[in-house]
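Hi,

Here is the structure I promised to pass on. My notes on it follow below.

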Amino acid sequence: MANNKVSQDTGDLKLDRVSKYYGDFCAVDDLSLVVPDGSFFALLGPSGCGKTTTLRMVAGLEEPSAGTISIGDTDITTQKPYRRNVNTVFQNYALFPHLTIFENIAFGLRRRGLKDVKSEVENALNLVEMGHLAQRKPNQLSGGQQQRIAVARAIVNRPEVLLLDEPLGALDLKLRRQMQIELKRIQTEVGITFIHVTHDQEEAMTMADTIAVMNLGKIEQMGSATELYEAPKTAFVANFLGQCNLIKGKVTNRANGKAVVSAKGLTFEVPLSRVATDNESVFVGVRPEKLRLDDNGINSIKDCVVIDRSFVGTSTQYLVKAPWDLDLVVFEQNDEGLHDLRVGDKVSLEWDAEHTFALDGAQDINAGADLDDEE
Amino acid sequence: MAFLHGLSKSHTGSGSGLKSRSLTPYILLAPGLIWLITFFIIPIFSLASTSTMVRPEGSQIGTYVQELRFANYIDAFLASREQYLRSFIYAALATLLALAIAYPLAYAIAFKSGKFRNILLVLVIAPFFTSFLLRTIAWTQILADSGPVVSAIKVIPFIDETFRINNTSTAVVIGLAYNFLPFMTLPLYASLERIDPRTLEASGDLYANGLTTFRKVTLPLSMPGVVAGTLLTFIPAAGDYVNAAILGNPNTKMIGNVIESRFFAVVDYPTAAALSFTLMATILILVTLYIRRSGTDELV
């Protein structure tokens with residue numbers, strides 16, 4: 001009855017050329033990645049990008065069509081879920097409605113026939129600060145409380161890897177912020193590898209050490225939140241993480257560590273290290289908060305018109321129309337030097353070369369732009 | 001009329017609008033209430049009064065006068081103890097048999113049927129399109145001495161040449177289990193279908209293999225269906241007389257057969273009424289104990 005044959009492998013989680021097909025549909029396309037032991041890793045992408053399928057393959061709930069998954073030196077590709085040293089926090093939590101909170105958390109320990117269930121469960125309950133609810137049933141708890149119990153139920157087993165499938169999706173914004181901090185604290189405290197699947201870029205950036213942005217079954221780009229935001233390599237990443245202004249142009253010169261791009265008679269400078277392509281056709285990109293409402297920078301666009309403005313507390317957001325058919329978003333901090341422009345005002349924009357990046361111009365300029373508001 | 005009157009005036013903000021709103025639940029309840037009073041409450045009092053009547057000496061058959069003779073109950077019970085006991089044993093066996101057949105069926109429909117789910121559900125209730133009586137008579141053919149079932153069993157060595165199923169208690173239990181199978185299957189299906197498949201995945205994720213997941217998660221979560229299904233099978237089966245009459249023999253008579261013959265053959269209304277009440281009371285007590293024990297009120 002006691003099932004002690006759970007593998008005890010430790011080490012990095014490796015996915016090597018993993019693919020998953022459902023009939024003709026390719027959910028995960030030849031994906032390889034390494035998640036370092038003990039890190040907080042996020043798989044970020046819109047719905048249908050394959051992130052949940054990837055997670056389920058690691059959990060053992062789906063079998064890959066090709067490729068291998070391993071923890072440390074052990075191949076777990078075909079291992080049954082109940083043999084894996086991996087636990088999951090499910091979307092909508094999937095707590096057992098017929099068991100008390102205590103028994104929910106004890107479930108995994110009892111299946112493995114471990115001793116000292118009581119103190120282990122109590123420790124886990126204290127970790128998520130829910131000790132007083134041990135004898136309740138799940139349906140007597142609020143969403144936020146259920147969420148913590150789901151985390152405790154998984155963590156109590158001290159898995160090598162903890163998988164979180166959109167764990168905060170069902171919570172309201174305020175509670176979600178609070179749980180983001182909470183999850184990060186728990187991860188630091190227990191030191192287990194966390195793999196967090198989410199479509200919420202802010203959530204991923206707040207918590208994860210490393211983010212892999214997924215689209216159409218592939219990883220678009222992987223790196224820290226800062227790298228992905230400041231130096232995106234594809235239009236999808238640029239648009240999906242935050243907002244981005246992209247201007248189509250042609251590289252006319254690459255020399256002295258910088259590329260010169262011309263577009264609509266203007267020239268923009270981009271550091272060569274921030275040019276993600278060898279092609280001549282590029283998108284010049286710059287984030288809205290890097291734009292200044294002035295006209296003496298190296299990169300600037302004159303004769304623009306404010307067509308919309310909205311005040312959002314910490315900043316004022318302007319929508320500005322360039323002299324040709326292009327709308328640019330500008331965020332201006334609400335401090336001294338505020339321009340306080342009105343709709344219809346003429347304005348010039350400028351930004352620094354080191355805040356500029358250049359992407360392959362052969363992509364869809366709107367890739368990933370309207371995807372982050374799903375669900 | 002009062003209802004329509006109230007509606008037409010309610011938007012003017014007059015008091016009758018409020019009044020009609022408070023009347024609405026009663027109006028909605030009325031058809032059901034009238035039906036129950038006419039066809040359940042009144043007959044049950046009439047039956048209760050009949051159960052303590054006595055036939056005066058030398059009077060015509062079917063003439064009874066009220067003498068509040070409660071000893072009718074004791075007489076009736078003592079005369080048909082055997083059939084009582086048999087009814088509950090047959091009903092319990094049939095319920096177990098139906099549960100054993102229906103649970104895997106409901107499980108398969110709920111979790112494994114894919115796009116065939118609706119077709120299978122229709123097939124479960126399809127027998128209702130033909131008459132209950134006809135279906136029971138059909139079983140006499142299936143279980144006939146030269147029929148497919150008996151012939152197949154006789155192939156097994158050491159089975160006596162005289163082996164038969166028709167007109168035995170086995171046939172009665174089979175008939176009962178068959179006739180009430182949909183009442184077992186549908187509640188089971190409903191409770192299995194409501195289980196979030198992710199709780200089953202969570203169980204696997206938490207180191208439970210398939211069998212343990214069934215014992216610790218699926219079965220407990222389907223208990224409301226098990227309780228509902230067994231009640232819906234056991235209660236009508238205990239009072240049934242058609243299966244025993246068609247598939248049984250004189251030694252397999254159930255309490256329903258006794259009540260039927262007391263009412264229609266012997267025309268002994270007080271005994272029949274007393275038996276009916278005793279049956280109702282016994283079922284009520286058994287059901288209450290059962291629900292208490294299974295503790296399903298705690299389940300969601």
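Chain A splits into domain 1 (13-227) and domain 2 (243-360), with bounds from an automatic or database domain assignment. The C-alpha centres of these two domains of chain A are 39 Å apart.

Before you dig in: this is a predicted model, where local features need pLDDT of at least 70, side-chain atom pairs count only at pLDDT 80 or more, and totals for chains, interfaces and linings use all residues. Residues are numbered from 1 along each chain as its sequence is written, while chains are lettered from A and ligands numbered from 1 in the order in which they are written.

On to the cores (buried Ala, Val, Leu, Ile, Met, Phe, Trp, Tyr and Cys residues joined through C-beta atoms within 7 Å; buried means 20 or more other C-beta atoms within 10 Å, with C-beta atoms placed from the backbone). The largest nonpolar core counts 97 residues, and A:Val58, A:Ala152, A:Leu163, A:Ile195 and A:Ala358 have the most contacts inside it. Helix H4 (residues 143-155) of chain A gives the largest share of this core, six residues; helices here are DSSP runs (H or I, at least four residues), numbered from the N terminus. A second, separate core has 45 residues, among them B:Ala98 and B:Phe234.

Those two also turn up where helices meet in chain B: B:Ala98 is in H4(B) and B:Phe234 in H12(B), both part of the contact between these helices (contact: C-beta atoms, placed from the backbone, within 7 Å).

Cheers

Definitions and conventions. Buried ≥ 20, exposed ≤ 12 C-beta atoms within 10 Å, placed from the backbone.
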